[in-house]
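Please look at the sequence and the structure before reading the points below.

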Amino acid sequence: MGEAERGESAPRLRISFWCANGHETRPSFASDAQLPETWDCPRCGFPAGPDEENPPAPPRTEPYKTHLAYVRERRTDADGEAILAEALAKLRGEV
């Protein structure tokens, strides 16, 4: 299909976005489209912004926590000892 058969394409804008690693991405947008504030960098996956001097910060990833790590955040050692003593008493038939 030739250009004449498809009709004229919409006017386009090519906007540059830069990520924290210095990669430049130039997607094209329709001239009347609302431009996004950030764009995902296709090379590293970090968010990219239109300001080359001040790109968005890369997302901070939290390390994997085990169930025990979450429990330790919520309970003190004294709470853990009390819960353990109560559970052992129930098992022994003392309660």
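Phe-17 is buried, with 1% relative accessible area; buried means under 20%, exposed over 50% and partly exposed in between, using a 1.4 Å probe and protein chains only. The model is predicted, so local features need pLDDT of at least 70 and side-chain atom pairs count only at pLDDT 80 or more, while totals for chains, interfaces and linings use all residues. Residues are numbered from 1 along each chain as its sequence is written, and side-chain values use heavy atoms, with hydrogens and water left out.

**Aromatic rings**

- Phe-29 also counts as buried, at 10% relative accessibility.
- Trp-39 is partly exposed, at 31% relative accessibility.
- Rings of Phe, Tyr and Trp (its six-membered ring) pair if their centres lie within 6.5 Å; planes under 30 degrees apart count as stacked, over 60 as edge-to-face and the rest as tilted.
- By this rule the protein has 3 aromatic pairs.
- One of them is the edge-to-face pair of Phe-17 and Phe-29, with 6.3 Å from centre to centre and 65 degrees between the planes.
- This pair links distant parts of the chain, since Phe-17 is in strand β2 (residues 17-19) and Phe-29 is in strand β4 (residues 28-30), 12 residues apart.
- Phe-17 and Trp-39 form a stacked pair, because their ring centres are 6.1 Å apart and their planes are at 25 degrees.
- Trp-39 lies in strand β5 (residues 39-40) and Phe-17 in strand β2, so this pair ties together parts that are 22 residues apart in sequence.
- Ring pairs join Phe-17, Phe-29 and Trp-39 into a cluster.

**Fold and overall shape**

- The protein contains 3 helices and 6 strands; helices (H or I, at least four residues) and strands (E, at least two) are DSSP runs, numbered from the N terminus.
- Along the sequence, the pattern is α-β-β-β-β-β-β-α-α.
- The protein is more spread out than a compact globule, because its radius of gyration is 28 Å, well over the 12 Å that the globule rule gives for 95 residues.
- That radius is taken over C-alpha atoms, and the globule rule is 2.2 Å times the number of residues to the power 0.38.
- The C-alpha trace spans about 90 × 35 × 20 Å along its principal axes.

**Burial and contacts**

- Of the 95 residues, 15% are buried.
- Among contacts (heavy atoms within 4.5 Å) between residues at least 6 apart in sequence, 27% join residues at least 24 apart.
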